[in-house]
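Notebook open, viewer open. I want to go through both chains and jot down what I looked up.

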Amino acid sequence: MPVRGSREGAYLDEQTELAFGAPPPGSFELGSRRSHLLGGQRAAVVSSVSTVVFIGGVVALFIFAPGAAVVRHTFFNPHDMKEAFLGNPRKGLYSVGKGLVVNIEMFLIAEVLILFFALVIAVLRQLRNPVLYPFRKLAVVYTDVFRGVPLIIVIYGIGFGVPALYLKGISTQSDFVYGVVALVLSYSAYVAEVYRAGIASVHQSQVAAARSLGLSHWKSLRHVVLPQAIRTVIPPLLNDFISLQKDTALVSTLGAVIEANRAAQIDSSTLFVYSSYTVAALLFLCLTIPLARFTDRLIARDVGRRLATGGAVR
Amino acid sequence: MSTPEDAPDPGGAAAPPEPPPAPSEAIRLEEVHKSFGALEVLRGIDLSVATHEVICLIGASGSGKSTLLRCVNLLEPVNAGRILLWGHDITAPGVDENAVRRHIGIVFQAFNLFPHMSVLRNVTLGPIQALGVPRDEAEEAGRSLLRRFGLSEKQDDYPDRLSGGQQQRVAIVRALAMRPRIMLLDEVTSALDPELVSEVLDVIRELATAGMTMLIATHEMGFARDIADRVCFLDEGVILEQGPPKQVFTAPSNARTQQFLRRIVQAGRL
């Protein structure tokens, strides 16, 4: 009788077509080519070289492109950039920096309203009460429409359409208000869907457990499903707010000087100097990058906790 | 622990199934059918459970044990047949399912604790939200129940801090906090590591001794033999055989029961 596993190093045992015993010698060594490239120091060298080559290429593009000098002058003129940031009343220049403050105000007000309004829409779609049937359908239509229409059109519609109605008290609001309303209408449709995905991610067994305790459908939603759903969707929500933060710039199309982008527009239309746009872009990055890093950290923490607890999340 | 009879009536006057004085028939299933799409899981179940009786449902996976329990708790609507609770048809239209569930506790195989709540809040959610018990009263009662089942120290922990056995004991306490008259246990030890099974079984044993009416779906045959007043063998959605555990386990009359038990013995589970 043949001894099982006696043919060390063979890939397959001929009789059973199964592998037994120790694998062939050298099975656990890295191949020569891969070991050459990997390892701490070598990796550091390779990544440095690749970074230098890449950045060098981009810089070279800016230096040697045919229109490079003009672009540097119009987009990266230090004097113009400073002037755009502070504003210059004598030249009729608005301050991009001050405009940004309005932008942040608008963003914060819109965000709070969106978080609330979107949650109402998402919950409405979950409720079973027959009385709410028309509202449920309305919520579906609302999310379909406002997710499908570009934000810029919503802004035009509200900003130019509502004043044209000459409604008392409604048609006389400032562009700031119209802008916030347009942002809330558009973004709530997206955020409602994010909430809904979060609600769907809560396992059905959680609902069964809540209902088995005699909790009504609404109370199960309120105490068991929503708290877990909202925890799950915080990172994607933050992601949406990063894009909301920069989309507030679109409200500038309404014509009032209400934020950074608009200030930049006036600069460029009068002087054909685009450095103010660069300033606006840099200021936006100063706001969105910390938000993005914060989101990353939340996601990492969430993943860490899932790993640590084998799937259960507090 | 008080026996179920002298627990205060938690449902209030509006609850349809008013438990009449024991002894009587607590649950009665008549020709219960349940399908999921084309798959008929329960194919005519008739079963009568007396108050204080402990019934173990045994049978292969997919035989309909869990579905039967979920139907009794109205988590699944039945397609045909009736379920009576102390003589009240709870499958009839117009029955307040929340009120029915307040009298029937269910414990699930996967515990289904609320991961975002502390142990104490898991236990008090039902009494506070479904029964309208004031928070401090509910917490007092919850703490004393947890103490009774050796979980005092865990009351402020979140479920993910507990072992599987502890989680399942909390799930049992959560159901008991509603002061149910009936407990349904759905393979409550199947998800546990072997060394954690006995702590959960001990709790169930205690409930049985106290007189709780229980329907238990289980794969723990030794436990079923010890605790059950009656064992029902389910096969493909019908109760093929039922009787005292001694009779079903030692002298099964049905060929399918014999086959099932032979496999259990071969697997070393009996």
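This is a predicted model: local features need pLDDT of at least 70, side-chain atom pairs count only at pLDDT 80 or more; totals for chains, interfaces and linings use all residues.

I count two residues as in contact if their C-beta atoms, placed from the backbone, lie within 7 Å. With that in hand, I looked at chain A: among its contacts between residues at least 6 apart in sequence, 67% join residues at least 24 apart.

**Entry 1: chain A overall**

I went through the elements of chain A and got 12 helices and 0 strands. Read from the N terminus, the run is α-α-α-α-α-α-α-α-α-α-α-α. I also checked burial, and buried residues account for 27% of the 314 residues in chain A.

**Entry 2: helix 7 of chain A**

Which residues of helix 7 of chain A are buried? I found A:Val154, A:Ile155, A:Ile158 and A:Gly159. My cut-off for buried is 20 or more other C-beta atoms within 10 Å of the residue's own. These four sit on the same side of helix 7 of chain A, because they cover an arc of only 115° around the axis.

Past the end of helix 7 of chain A comes A:Tyr166, and I noted its positive phi, near 50°.

**Entry 3: the open sheet in chain B**

Over to chain B, where I traced an open sheet of 6 strands in the order 6-7-8-3-9-10, with mixed pairing. The edges are strand 6 (104-107) and strand 10 (238-243) of chain B, each of which pairs on one side only. From one strand to the next the twist averages 20°.

I also looked at what packs on this sheet. Helix 1 (residues 65-72) of chain B does, touching strand 3, strand 6, strand 7 (182-186), strand 8 (213-217) and strand 9 of chain B. The direction of helix 1 makes about 145° with that of strand 8 of chain B.

Parallel or antiparallel for strand 3 and strand 9 of chain B? Strand 3 (residues 54-58) and strand 9 (residues 230-235) of chain B pair in the parallel sense, over 4 bridges. B:Cys56 is opposite B:Val231 of strand 9 of chain B.

**Entry 4: strand 1 of chain B and its partners**

Next I followed strand 1 of chain B. It pairs in the antiparallel sense with strand 2 (residues 39-50) of chain B, over 9 bridges. One residue facing I wrote down is B:Ser35 opposite B:Glu40 in strand 2 of chain B. The hairpin of strand 1 and strand 2 of chain B has 2 residues between the strands, and B:Gly37 there takes a positive phi near 65°.

Strand 1 of chain B is also joined to strand 4 (residues 80-85) of chain B, antiparallel, by 5 bridges. Here B:Leu29 stands opposite B:Ile83 of strand 4 of chain B.

**Entry 5: positive phi in chain B**

B:Glu31 is one, with phi near 50°, and it lies in strand 1 (residues 25-36) of chain B. B:Glu31 counts as partly exposed because it has 13 C-beta neighbours inside 10 Å.

B:Glu236 also has phi near 50°, but it lies in the loop between strand 9 and strand 10 of chain B. With 15 C-beta neighbours inside 10 Å, B:Glu236 counts as partly exposed.

For a glycine, I noted B:Gly268, which follows helix 9 of chain B and has a positive phi near 75°. Helix 9 (residues 255-266) of chain B has 12 residues and reaches 17 Å between its first and last C-alpha, close to the 16 Å expected at 1.5 Å a residue.

**Entry 6: where the chains meet**

How many residues are in contact between the chains? I get 20 residues of chain B in contact with 20 residues of chain A. On the chain B side, helix 2 (97-103) and helix 3 (119-131) each supply at least two residues. Helix 3 of chain B gives the most to that side, with 4 residues. By type, the chain B side divides into 11 nonpolar, 6 polar and 3 charged residues.

Conventions: Residues are numbered from 1 along each chain as its sequence is written. Chains are lettered from A and ligands numbered from 1 in the order in which they are written. Two strands pair if DSSP finds at least two bridges between them. Axes are lines fitted to C-alpha atoms, for helices over the stretch in contact, and angles run from 0 to 180 degrees between N-to-C directions. A residue is buried if 20 or more other C-beta atoms lie within 10 Å of its own, exposed if 12 or fewer, and partly exposed in between; C-beta atoms are placed from the backbone. Ala, Val, Leu, Ile, Met, Phe, Trp, Tyr, Cys and Pro count as nonpolar, Asp, Glu, Lys and Arg as charged, and the others, Gly among them, as polar. The arc is that of the directions from the helix axis to the C-beta atoms. The expected span of a helix is 1.5 Å times one less than its number of residues.
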